[in-house]
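Please keep the structure open beside the text while reading.

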Amino acid sequence: MSAERIMLLGVNHKTAPVEIRERLAFSADPGAPFREIKVIPGCDEFCFLSTCNRVEVLFVASGGDDTERRIRDFLFAGSLSYQEAGKFVYLHKGEDAVRHLFRVGASLDSMIVGEPQILGQLKDAYRNADERDCTGPVLNRLLHKAFSVAKRVRTETNIGSSAVSISYAAVELAKKIFGSLSGKKVMLVGAGEMAELAAQHLMNQGVAEVVVANRTFERALKLARCFNGSAVAFDELLSELEVVDILISSTGAPGIILHHDDVKPVMRKRRHRPLFMIDIAVPRDLDPKLNDLDNIYLYGIDDLTNVVEVNKAERDKEATRAERIVVEESLKFLDWLASMEVSPTIVALRSRAEELGRLEVARTLAQLKNLSPKEQKQVEILASSLVNKLLHNPIQYLKANGTPEERRQRIDTVRRLYGLDGGD
Amino acid sequence: MSYLLFQLAFAVYIVATAAYLVFFWSQRKEVRTAARYILFGGGLLHTANLVMRYVEAGHTPITNHHEAVSFFAWSVAWGFLTFRWRHQVKNFGTFVSPMVTALMTIAAFSSREIMPLPPALKSAWLPVHASIAIMANGFLALAFCGGIMYLLQERELKKKRFGLFYTRLPSLEALDTLNHHCLAIGFPLLTLGIITGSIWAKQAWGTYWQWDPKETWSLITWLLYAALLHQRFTVGWRGKRAAIMAVVGFAAALFTLWGVSFLLRGVHSYVG
């Protein structure tokens with residue numbers, strides 16, 4: 001099959017602001033994308049990935065641009081026009097799509113390059129798609145490849161070293177607000193991998209105590225135990241806000257959980273001690289207006305990018321090595337894809353030649369009626385060895401190594417030369 | 001002699017300011033170390049200048065505008081230098097040294113003539129009252145610098161646009177503490193300055209308080225700082241509000257020093 005049929009449509013933190021990404025997250029009905037995209041004609045296989053920083057659909061289309069357009073319409077489901085959506089969306093095809101996917105999996109396209117969470121999210125996305133029977137041979141292979149590329153990047157480069165994460169950014173900022181973090185109290189609202197990681201980082205910097213608030217109290221207790229902290233019920237959030245210094249929110253709540261007007265009186269009770277709030281949830285948990293209150297510093301995931309500019313040169317070097325691995329692996333995948341194209345061509349070529357041989361032998365034998373069985377056999381052998389000898393070179397030509405582009409070219413040549421696609 | 005020392009101290013302060021500004025841009029540690037030594041040298045020369053002037057005049061040299069502003073600059077410089085010992089505040093020098101230089105410039109352009117002491121000022125209270133009042137201004141000036149730094153840093157943190165100041169300025173907490181420490185020294189000095197002035201007034205003019213513009217304005221300044229400290233202790237005013245108050249309070253202090261002398265005239269008009 002042609003690599004150009006693999007497409008990737010999406011938005012990420014670079015192309016769309018969080019307000020747009022929120023609308024595409026389908027947090028109210030996570031099953032919707034699978035049901036809706038599955039029925040789009042021409043969409044043979046697909047996988048839907050939705051994280052804080054990106055929403056992407058990877059698909060194999062036989063319907064061309066029309067399929068792509070329908071998927072795009074579904075994603076923006078009336079909230080934005082086709083033209084408006086075009087400002088935020090990117091579409092990669094073929095080699096670009098493969099490379100993009102590998103970069104995403106290897107956390108090279110992440111807001112914080114090297115953050116470890118994305119691979120898990122990609123695996124979840126694949127599992128969800130696989131369970132609903134949305135993937136096929138091409139995507140199965142492609143996604144597994146993406147996982148192994150990510151693993152290779154992780155082991156062969158230093159891209160995932162601890163300094164490179166959202167939590168690093170959070171710690172940096174906390175230090176600019178509080179100076180020393182010793183004696184400070186952190187509250188985790190909701191339990192997410194990223195939030196845990198940030199809390200871990202803050203603990204390492206000497207934070208005194210961690211409090212966990214979660215909708216399910218058991219989960220809060222479990223998490224609190226990891227940090228030697230305490231758990232509180234979700235409705236104690238506001239009263240707890242009086243004593244904490246840093247709040248990290250990452251719930252899956254569909255709306256805002258802390259409003260400007262609720263927090264305002266709390267600041268008076270806190271005696272206006274500074275409060276650092278980090279919102280890593282999509283859709284957002286914390287009212288953006290909170291940042292207008294004195295002594296509250298509210299940071300969303302987008303804002304954290306600005307902070308991680310530090311130490312960039314070092315990471316850029318590692319990223320370059322990682323990019324090389326991605327390029328190398330995507331070429332390997334395209335090779336495999338090309339070989340998928342080569343084998344059917346060889347099969348078609350062979351069957352066409354053998355068909356012709358059989359037809360000609362039958363016609364010849366019909367005219368030469370007095371041949372002995374042995375002589376008849378000789379004629380058949382003559383025909384089949386002629387076929388084999390003539391096919392030998394074209395097949396070698398098809399199988400030879402080369403760039404995917406060259407191989408596609410050769411397949412095309414052979415198919416036209418022997419009229420394998422119908423017609424002459 | 002004192003004239004030469006003043007010129008020298010002035011020149012050295014300018015060099016120190018330049019060095020601090022270079023350090024602010026380049027963030028090279030050796031530049032900062034150099035700047036510190038230069039400022040320290042300037043402070044020593046300036047001290048020598050004040051001593052010489054005392055010897056030459058035969059009385060505490062805080063009786064005219066040149067002397068008052070020069071002593072003000074000296075207080076800021078030494079307030080900063082002694083402060084630096086106790087706690088380090090990143091790049092504080094970059095904000096303080098230009099202020100010292102600015103004050104020195106103003107002093108340099110005022111008449112440096114040594115005048116015979118007016119009879120009203122012939123008192124043991126002169127060195128006590130004048131030096132305490134001006135040293136109070138010195139610490140309030142440091143609080144002002146800290147307040148400005150706080151507002152700059154807070155602005156970048158709120159706007160989430162990290163420019164020149166984010167990496168260069170210390171944490172908000174450190175700046176707030178600095179502000180508080182400066183006021184913790186400056187405010188008692190200011191109070192003491194007003195009290196000693198009042199006692200002196202009783203001796204010289206027979207009344208503790210006569211609502212002279214300088215007196216009124218120093219009371220206004222005092223009330224501003226008192227309000228800030230009161231709010232800090234009772235409802236926990238801090239951060240941005242405290243920084244703004246430190247800036248406003250210092251503006252009032254400057255008005256007490258200059259505005260009153262040039263715009264409103266009263267019994268204090270010979271000082272400044």
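Predicted model: local features only at pLDDT ≥ 70, side-chain atom pairs only at ≥ 80, totals over all residues.

Helix α7 (residues 172–205) of chain B and helix α8 (residues 213–234) of chain B have axes that come within 10 Å and cross at roughly 145°, and the crossing of α7(B) and α8(B) is left-handed. On the α7(B) side the contact is made by B:Leu183, B:Phe187, B:Leu190, B:Thr191 and B:Ile194, while α8(B) contributes B:Ser218, B:Trp222, B:Tyr225 and B:Leu229. Sorted by class, the contact of α7(B) with α8(B) has seven nonpolar and two polar residues, and no charged residues.

Chain B holds another helix pair that can be described in the same terms. Helix α1 (residues 2–26) of chain B packs against helix α4 (residues 92–108) of chain B at an angle of about 150°, with the two axes 9 Å apart, and this angle makes α1(B) roughly antiparallel to α4(B). The crossing in which α1(B) passes α4(B) is left-handed. From α1(B) the contact draws on residues including B:Phe10, B:Tyr13, B:Ile14 and B:Phe24, and from α4(B) on residues including B:Gly93, B:Ser97, B:Val100 and B:Met104. By class, the contact of α1(B) with α4(B) has 12 nonpolar residues and five polar ones, with no charged residues.

A helix pair in chain A is set at another angle. The axes of helix α5 (residues 95–105) of chain A and helix α7 (residues 137–156) of chain A come within 8 Å and cross at roughly 45°, and α5(A) and α7(A) are therefore oblique to each other. The crossing of α5(A) and α7(A) is right-handed. The contact is made by A:Val98, A:Leu101, A:Phe102 and A:Gly105 of α5(A), together with A:Leu142, A:Ala146, A:Phe147, A:Val149 and A:Ala150 of α7(A). By class, the contact of α5(A) with α7(A) has eight nonpolar residues, one polar residue and no charged residues.

| Helix pair | Axis distance | Crossing angle |
|---|---|---|
| α7(B) and α8(B) | within 10 Å | roughly 145° |
| α1(B) and α4(B) | 9 Å | about 150° |
| α5(A) and α7(A) | within 8 Å | roughly 45° |

Taken as a whole, chain B has nine helices and zero strands, and, of its 272 residues, 44% count as buried. Among contacts in chain B between residues at least 6 apart in sequence, 79% join residues at least 24 apart.

Where the chains meet, the contact takes 17 residues from chain A and 16 residues from chain B. On the side of chain A that touches chain B, α8 (166–178), β10 (296–300) and α13 (301–307) of chain A each supply at least two residues, and α8(A) gives the most, with four residues. By class, this side of chain A has six nonpolar, five polar and six charged residues.

In soluble globular proteins, nonpolar side chains tend to be buried together. The largest nonpolar core here has 123 residues, of which A:Ala174, A:Val186, A:Leu188, A:Ile248, A:Met277, B:Ala73 and B:Val76 touch the most other members. Helix α5 (residues 125–159) of chain B supplies the largest share of this core, 16 residues. Leaving aside residues up to four places away in sequence, A:Met277 touches A:Leu247, A:Leu286, A:Leu290, A:Ile296, A:Tyr297, A:Leu298 and A:Tyr299. A second, separate core of 57 residues includes A:Ala3, A:Cys43, A:Ile118 and A:Ile159.

A:Arg271 has a positive phi of about 55° although it is not a glycine, and A:Arg271 is found in the loop between α12 (260–269) and β9 (275–279) of chain A. Because A:Arg271 has 15 C-beta neighbours inside 10 Å, it counts as partly exposed. In chain B, B:Gln27 has a phi near 55°, again a positive value in a residue other than glycine, and B:Gln27 is placed in the loop between α1 and α2 (29–57) of chain B. With 13 C-beta neighbours inside 10 Å, B:Gln27 counts as partly exposed.

Definitions and conventions: Residues numbered from 1 in each chain as written. Chains lettered and ligands numbered in written order. Axes fitted to C-alpha atoms, helices over the stretch in contact; angles between N-to-C directions. Left-handed = near helix turned anticlockwise from the far one by under 90°. Contact = placed C-beta atoms within 7 Å. Nonpolar A, V, L, I, M, F, W, Y, C, P; charged D, E, K, R; others polar. Parallel < 35°, antiparallel > 145°, perpendicular 65-115°, else oblique. Core = buried A, V, L, I, M, F, W, Y, C linked by C-beta atoms within 7 Å. Buried ≥ 20, exposed ≤ 12 C-beta atoms within 10 Å, placed from the backbone.
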